Amino acid sequence: MLYYPDARNFHPRTKAALAGFGRCESCGGPLSSDRLRCVKQSRHWGIWIAEDSALEQIELLMGEEKRRNKNRQRAERRMEAMSQLPGVHRRSDLKAIFQAQDGRCFYCGVAIDQKSARRDHLEPLNAARSSNWPSNIVFACFPCNRDKSDMSPNAYWRLIEKRLGSAWVKEQKARNAAVTEIARQLTKQRKAQLTAHHLTAARSATRRKRRAAEAGR
Ligand SMILES: [Zn+2]
Ligand SMILES: [Zn+2]
């Protein structure tokens, strides 16, 4: 017999599966599949699993649950790290960069479409030089995005060189020159806009202060 007092935080799919095996701890009644609560008494918490034959399936479910949590935590950490980086880019910047790449992975050149393409930070999120400026964003195929992970761009190019040869990498870098140039220009625009925005904000703050001082006199 198993007991899962913390089941309320599980993924809906896990909950639904557990409900089928479980019974209310207090009254032995059936459980609702969405909340794992006793169907008869909503204040009854906790479940027990009545059938030993279900144990193997439950272990599988628990493994899935753990993996899901780990993936979610990793994604959350990445989002957090990304939000800490300096720089901004717009959706239109991403579109321009994607178009400049001509439907190919920035690193290995394999064909990618909008759906399969992964947004990749050239300087990885944990690097001191990393940023969210357009010049640090490229599109990669899923394997490249996964394999590059925390590598610097140079380290990853060396890896590609081993796979595809130095001549190929040289060609690919020449193809990427147009992408880099567009991203550089977009970055310049975004930086200028940000500066202009800060200047405007600073000026209106000064005006507000002056007006407040005049009103106080
Ligand atoms: Zn009950
Ligand atoms: Zn690739």
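I began with α3 and helix α6 (residues 166–216), whose axes come within 9 Å and cross at roughly 165 degrees. I took axes as lines fitted to C-alpha atoms, for helices over the stretch in contact, with angles from 0 to 180 degrees between N-to-C directions. α3 is therefore roughly antiparallel to α6 (angles under 35 degrees count as roughly parallel, over 145 as roughly antiparallel, 65 to 115 as roughly perpendicular and the rest as oblique). The contact is made by Asp-93, Ala-96, Ile-97 and Ala-100 of α3 with Ala-178, Val-179, Ile-182, Ala-183 and Leu-186 of α6; contact here means C-beta atoms, placed from the backbone, within 7 Å. I noted the crossing of α3 and α6 as right-handed (left-handed if the near helix is turned anticlockwise from the far one by less than a right angle, right-handed if clockwise).

Notes on the source. This is a predicted model, in which local features need pLDDT of at least 70 and side-chain atom pairs count only at pLDDT 80 or more, while totals for chains, interfaces and linings use all residues. Residues are numbered from 1 along each chain as its sequence is written, and chains are lettered from A and ligands numbered from 1 in the order in which they are written. Helices (H or I, at least four residues) and strands (E, at least two) are DSSP runs, numbered from the N terminus.

Next I looked up the other helix pair. The axes of helix α1 (residues 12–21) and α2 come within 10 Å and cross at roughly 160 degrees, so α1 and α2 are roughly antiparallel too. Their crossing is left-handed. On the α1 side I listed Thr-14, Ala-17, Leu-18 and Phe-21, which meet Ile-58, Leu-61, Glu-64 and Glu-65 in α2.

I then checked α2 (residues 55–84) by itself. Its 30 residues reach 43 Å from first C-alpha to last, close to the 44 Å expected (1.5 Å times one less than the number of residues). The number of buried residues in α2 is zero, so the helix lies largely in the open (buried is 20 or more other C-beta atoms within 10 Å, exposed 12 or fewer, partly exposed in between, with C-beta atoms placed from the backbone).

For the domains, I noted domain 1 (2–84) and domain 2 (91–216), with bounds from an automatic or database assignment. Their C-alpha centres lie 40 Å apart.

Last, backbone angles. Asp-102 has a positive phi of about 60 degrees and lies in the loop between α3 (91–100) and β4 (118–121). Asp-102 counts as exposed because it has 11 C-beta neighbours inside 10 Å. Ser-149 also has a positive phi, about 45 degrees.

How values were computed. Two residues are in contact if their C-beta atoms, placed from the backbone, lie within 7 Å.
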